[in-house]
Amino acid sequence: METVLIVGATGNIGVSAAKAALSTGRQVLAIVRNSASAAKLFHHLGTKEGVTTVEANVCSETGVQEVIDQVEAGKLPAFQHVFSAAGGEYSATPLLELSTEELRHGMTVNFESNFWAYRASVPYLLKQNDPRSSWTVCTGAQGDIGARAGPALTQGALFSMSNAACRDNEKTNVRFNELYLYARVEVDEVAAQNGTMKASEFAKSYAGILSRPEIRSCRVSVCGPEDLEDLKYQKRPII
Ligand SMILES: NC(=O)c1ccc[n+]([C@@H]2O[C@H](COP(=O)([O-])OP(=O)(O)OC[C@H]3O[C@@H](n4cnc5c(N)ncnc54)[C@H](OP(=O)(O)O)[C@@H]3O)[C@@H](O)[C@H]2O)c1
């Protein structure tokens, strides 16, 4: 049985990834901030079956590494896939008013969390050398739109990290992809109120990535519901 380690598992995108993992017959190892966040995850999934939770602070440099140490010690399930979607910091402060403190906070929550997750988990996947391994990060079009300065800067950094990781893993056992999202996705009950894309619908994109080994070192772009049935992907980096 394959297992997906999810970073940011309790958010809109993390819940979607967990739904994708479960619906494709995989198990989930979900990193949660605390028991309240774990309860939120189970509420949105409607089940606890197939889900193991572990508490860690993904906004600390060592948070995900501590989880990997527990996996290596046999205290948590081994995993073959990682989905990273820590973040959610979405402040509207204009660029000129962005304080150093706010800039750094946004970078830690939206960017460094995902980078630290990558740095901690990829060596584990390389060591396992399982040919099914994959690593996926969710990025947002805000990095191109620039309407929210702080979040835009963090997504720009994630785009660059994805390019580097696509290149570095082109020939490893780790199939790296960036899932680039233009639409707004929310957990189903909130999406139903706001008319946004439901996490359970967006789940089709990650289910597709998991099941299609030819999608490797790519940006998979989701702009609307039409992109969920027929995945749009392009090799990265573009030179
Ligand atoms: N949702 C979208 O439409 C969308 C669109 C484009 C891109 N994205 C990308 O996906 C990322 C996540 O979006 P989202 O909508 O899923 O955000 P979200 O619902 O706010 O979830 C963020 C996740 O990160 C965790 N987290 C945030 N701050 C934390 C902290 N200080 N300490 C520990 N954990 C923390 C949250 O834990 P808790 O549950 O405990 O708070 C949650 O698991 C964005 O930053 C962006 O890169 C999302």
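This is a predicted model: local features need pLDDT of at least 70, side-chain atom pairs count only at pLDDT 80 or more; totals for chains, interfaces and linings use all residues.
1. Strands (E, at least two residues) and helices (H or I, at least four) are DSSP runs numbered from the N terminus, and two strands pair if DSSP finds at least two bridges between them.

2. Residues are numbered from 1 along each chain as its sequence is written.

3. Contact here requires that the C-beta atoms of two residues, placed from the backbone, lie within 7 Å.

4. Strand E4 (residues 81–84) runs parallel to strand E1 (residues 3–7), to which four bridges join it; Val4 stands opposite His81 in E4. E4 and E5 also pair in the parallel sense, over four bridges, and Val82 stands opposite Trp135 in E5. His81 and Phe83 point one way from E4, Val82 and Ser84 point the other way, and all are buried. A residue is buried if 20 or more other C-beta atoms lie within 10 Å of its own, exposed if 12 or fewer, and partly exposed in between, with C-beta atoms placed from the backbone.

5. Strand E6 (residues 175–181) pairs with E9 in the parallel sense over five bridges, and Glu178 stands opposite Arg219 in E9. The pairing of E9 with E10 is antiparallel, over four bridges; the bridge partner of Ser221 in E10 is Lys232. E9 is largely enclosed by the rest of the structure, because four of its five residues are buried.

6. The largest nonpolar core holds 59 residues, of which Ile6, Val7, Ala17 and Ala18 touch the most other members. Such a core is a set of buried Ala, Val, Leu, Ile, Met, Phe, Trp, Tyr and Cys residues joined through C-beta atoms within 7 Å. Not counting residues up to four places away in sequence, Val7 touches Ile31, Val58, Val64, Ser84, Ala85, Ala86 and Ala117. In soluble globular proteins, nonpolar side chains tend to be buried together.

7. Leu210, found in helix H8, is buried, with 26 other C-beta atoms within 10 Å. Although Leu210 and Thr24 are 186 residues apart along the chain, their C-alpha atoms are separated by 8.5 Å. Beyond residues up to four places away in sequence, Leu210 touches Ala20, Thr24, His81 and Ser134.

8. The shell around the ligand comprises 25 residues, of which Thr10, Gly11, Gly87, Gly88 and Gly140 come nearest. A residue is near a molecule or strand if its C-beta atom, placed from the backbone, lies within 6 Å of it. Helix H1 (12–23), H2, H4 and E5 each supply at least two residues of this shell. By class, the shell divides into ten nonpolar, twelve polar and three charged residues. Ala, Val, Leu, Ile, Met, Phe, Trp, Tyr, Cys and Pro count as nonpolar, Asp, Glu, Lys and Arg as charged, and the others, Gly among them, as polar.

9. Asn129 has a positive phi of about 55 degrees although it is not a glycine; Asn129 lies in the loop between helix H4 (100–128) and strand E5 (134–140). With 10 C-beta neighbours inside 10 Å, Asn129 counts as exposed. Ser217, in the loop between helix H8 (199–211) and strand E9 (218–222), is also a residue other than glycine with a positive phi, near 50 degrees. Ser217, however, is buried, with 21 other C-beta atoms within 10 Å.

10. A cis peptide bond joins Arg236 and Pro237, with omega about -5 degrees. Pro237 is placed in the segment after strand E10 (232–235).
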